[in-house]
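Reader: Walk me through the strand pairing here. I want the criteria as well as the calls.

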Amino acid sequence: MRRAWRVAAALACLGAGKPVLVPDVSDRQVQIIYSFTGADLLLFGAILYPQGRAPNHPADIAVVLKGPTQSILVREKQKVAGMWLNADSARFRSAPSFYAIATSRPLGKLVDGRTAAIYELGLDSLQMSPASSAPPDEQNRFEQGLIDLKRRAGLYVQDAHGVEISDGVLYRARIAIPARVPVGRYVAETFLIQDGKVVAGAVREVRIDKSGFERFVAQAADRWSLAYGLVAVGMSLAIGWGAGALFRRR
């Protein structure tokens, strides 16, 4: 019923002469349990053109899934006297905990750098709000280091051919959710791009939460941190004592 209402509202907007996006996601809420090894989230929808006719030059689609922002301290290690020690560091106030973008063509062929920066399209256009007063080249070095770490962890993804468009109207994209994905409120954004400009956009919300025993542990650590720490230490001591006693018997 809600989807039908959205389609009707979109059709009513076509009188303005601009295309309208009608997006959706395969799962509005992803539950993380003990056996969670990752998931695929399908983002799909339709492009509604005025008078129902697609233009001669087909438009492109960019789909972005962004997780909650967080403050991150990035440290650089240096080898001193044969040991790796923390050296310089930089803090970013609003780094996305997860960021994935899929496009129908390489991003460089769709928009220029200014448009990419405005809509945060692509890993090189993320606005992370550096908190230090370091020179721009040093900030950029730390930012690229953070992006590289996130990419290797599967938390930052850029797929230049991740969106399929059928008949110039229907589109779909799959975004992989890794096992170590942070929980929280995610935003799925869809952008319709034509002639280097974003001509339409739409947003859907996705929740990623822990459930079962994992949810209980996470809530206990957050709400009763002191008791959680004492219990964790007690369990570690008990396990260590039990293992020692077992080996002594042997």
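Author: Four bridges join β9 to strand β10 (residues 170–177), and the two run antiparallel. In β10, L170 is the bridge partner of S166. This is a predicted model, where local features need pLDDT of at least 70, side-chain atom pairs count only at pLDDT 80 or more, and totals for chains, interfaces and linings use all residues. Residues are numbered from 1 along each chain as its sequence is written, and side-chain values use heavy atoms, with hydrogens and water left out.

Reader: What makes β9 and β10 a pair?

Author: Two strands pair if DSSP finds at least two bridges between them. β9 and β10 have four bridges, so they pair. Strands themselves are DSSP runs of E, at least two residues, numbered from the N terminus.

Reader: Why are β1 and β9 called edges?

Author: The open sheet has the order β1-β3-β10-β9, with antiparallel pairing. β1 (20–25) and β9 (163–166) each have a single partner strand, so one side of each is left without a neighbour in the sheet. The twist averages 20 degrees from one strand to the next. Axes are lines fitted to C-alpha atoms, and angles run from 0 to 180 degrees between N-to-C directions.

Reader: Which strands stand at the edges of the six-stranded sheet?

Author: That open sheet runs β2-β12-β11-β4-β7-β8, with mixed pairing. Its edge strands are β2 (29–32) and β8 (156–159), each pairing on one side only. The twist averages 15 degrees from one strand to the next.

Reader: How do you know that β11 and β12 pair?

Author: β11 (residues 184–194) and β12 (residues 197–210) share eleven antiparallel bridges. The criterion is at least two bridges, so they pair. T190 has its bridge partner in β12, A202.
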